[in-house]
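Dear colleague,

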Amino acid sequence: MKKVIVTGAGGQLGKTLMDLSPLWKGFQFDFKTSKESDITNKENLDKLLSLGQYDICINCAAFTNVEQAEITPEIAYDVNAEGVKNLALLCKEHQITLIHLSTDYVFDGEKTESYTVQDKTNPINEYGKSKLKGEEYIREILTDHYIIRTSWLYSKKFGHNFYRTILKNALEGKELRVTDDQMGRPTNTEALSRFINEEILTGKTPFGTYHFSDGQPTTWYGFAQQILEENGLSGKVNLVLDRNYRTFAKRPKNSVLG
Ligand SMILES: NC(=O)C1=CN([C@@H]2O[C@H](COP(=O)(O)OP(=O)(O)OC[C@H]3O[C@@H](n4cnc5c(N)ncnc54)[C@H](OP(=O)(O)O)[C@@H]3O)[C@@H](O)[C@H]2O)C=CC1
Ligand SMILES: Cc1cn([C@H]2C[C@H](O)[C@@H](COP(=O)(O)OP(=O)(O)O[C@H]3O[C@@H](C)C(=O)[C@@H](O)[C@H]3O)O2)c(=O)[nH]c1=O
């Protein structure tokens with residue numbers, strides 16, 4: 001029986017993993033929220049990882065507020081870069097395989113086709129920069145790792161995400177103003193969790209960096225249309241194309257992962 005620790009377990013991906021993990025045989029899971037285990041606190045993390053006899057760590061902990069990362073980049077770096085460095089160092093020391101999640105926002109969006117893992121990274125916002133630094137630390141420190149870049153992540157059940165925001169606002173009868181200035185692939189946390197279980201946890205796949213999404217390329221506006229259709233709300237709410245939807249952070253025009 002392999003022992004798996006999940007950090008950042010209170011977020012949408014962590015909760016989805018917790019929801020689905022009883023179906024996965026051969027693993028014993030230990031889920032830790034930010035309150036139970038803060039990845040920026042190396043001393044406490046060391047105590048946990050040295051006593052737990054873990055084989056694998058799935059790191060779902062991250063600072064994911066793209067707008068706030070522009071205002072307080074030091075907090076984003078603390079979690080997404082330095083916290084990840086702590087994990088990589090301790091995983092190395094305790095011989096734990098690290099499965100880490102990263103993002104399409106490590107790319108600048110200037111490419112016209114989809115991004116492959118061979119493509120050059122060049123993040124254009126603080127969130128993306130801090131996530132890239134986390135990736136770099138892992139590659140420098142630890143051989144036994146998987147970095148899975150995903151995009152436009154959403155859970156229908158848990159957490160804060162575009163899907164739930166749009167649906168909530170639609171059900172409240174609000175007018176929806178959504179931009180179409182980005183192309184990307186929405187990713188369902190359930191599909192990502194199954195990929196992690198079937199392809200990564202089983203050890204079928206060699207260590208390295210991978211891209212995963214289960215969604216078709218679309219814009220946020222296109223995704224909002226899909227969300228309304230799927231919930232029988234098309235034509236019942238006012239969905240307005242708004243290219244001036246105001247944000248602080250720059251976002252990649254195209255971050256379709258291939
Ligand atoms: N959301 C998205 O659209 C995308 C996400 N990703 C990546 O996927 C991964 C999972 O994201 P997702 O589930 O959406 O993120 P969420 O924001 O839903 O969850 C992140 C979790 O990390 C926790 N956390 C924050 N700081 C720390 C810390 N110092 N120590 C431990 N835990 C901490 C948060 O806890 P608390 O709330 O208490 O602060 C939260 O529960 C992340 O690596 C993210 O970068 C990649 C592409 C798209
Ligand atoms: C909620 C909302 C957003 N938007 C716009 C703002 C932005 O350009 C885009 C998406 O907004 P959000 O705030 O949901 O998402 P954003 O913070 O850009 O999402 C990103 O999060 C990080 C964590 C990732 O790693 C990325 O893959 C990506 O999912 O849609 C609208 O136009 N109308 C709306 O009502």
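**Helix packing and ligand shells**

In helix α4, the residues Pro73, Ala76, Tyr77, Asn80, Ala81, Val84, Lys85, Ala88, Leu89 and Lys92 meet Glu126, Tyr127, Ser130, Lys131, Lys133, Gly134, Tyr137, Ile138 and Ile141 of α5; contact here requires C-beta atoms, placed from the backbone, within 7 Å. By class, this contact of α4 with α5 comprises eleven nonpolar, three polar and five charged residues. Ala, Val, Leu, Ile, Met, Phe, Trp, Tyr, Cys and Pro are counted as nonpolar, Asp, Glu, Lys and Arg as charged, and the others, Gly among them, as polar.

Please note that this is a predicted model, in which local features need pLDDT of at least 70 and side-chain atom pairs count only at pLDDT 80 or more, while totals for chains, interfaces and linings use all residues. Residues are numbered from 1 along each chain as its sequence is written, and chains are lettered from A and ligands numbered from 1 in the order in which they are written. Helices (H or I, at least four residues) and strands (E, at least two) are DSSP runs, numbered from the N terminus.

The axes of α4 (residues 73-93) and α5 (residues 126-141) come within 8 Å and cross at roughly 15 degrees. Axes are lines fitted to C-alpha atoms, for helices over the stretch in contact, and angles run from 0 to 180 degrees between N-to-C directions. The two helices α4 and α5 are therefore roughly parallel to each other (under 35 degrees; over 145 is roughly antiparallel, 65 to 115 roughly perpendicular and the rest oblique). The crossing of α4 and α5 is right-handed, a term for the near helix being turned clockwise from the far one by less than a right angle.

Helices α6 and α8 (residues 220-230) have axes that come within 10 Å and cross at roughly 60 degrees. That makes α6 oblique to α8. Here Phe162, Tyr163, Ile166, Leu167 and Ala170 of α6 meet Trp220, Phe223, Ala224, Ile227 and Leu228 of α8. This contact of α6 with α8 has ten nonpolar residues, no polar and no charged.

Helix α1 packs with α7 (residues 189-201) at an angle of about 65 degrees, their axes being 9 Å apart. Gln12, Leu13, Thr16, Leu17 and Leu20 of α1 and Thr189, Glu190, Leu192 and Ser193 of α7 make the contact.

Turning to the ligands, ligand 1 is surrounded by 25 residues, the closest being Gly8, Gly11, Leu13, Ser34 and Ala61; a residue is included if its C-beta atom, placed from the backbone, lies within 6 Å. At least two residues of this shell come from each of α1 (12-20), α4 and β4 (97-103). The shell around ligand 1 divides into ten nonpolar, 13 polar and two charged residues.

Around ligand 2 there are 19 residues, with Val66, Thr103, Phe162, Thr179 and Tyr245 the closest. Two or more residues of this shell are given by α6 (162-171) and by β7 (176-178), and β7 gives the most, with three. The classes around ligand 2 are nine nonpolar, seven polar and three charged.

Finally, an unreviewed UniProt entry lists residues 3-257 as "domain: RmlD-like substrate binding"; such annotations may be inferred rather than shown by experiment, and positions follow the numbering used here, with feature names shortened. In the model, the span 3-257 is 38% helix and 16% strand, and its end C-alpha atoms lie 31 Å apart.

Conventions
Contact = placed C-beta atoms within 7 Å.
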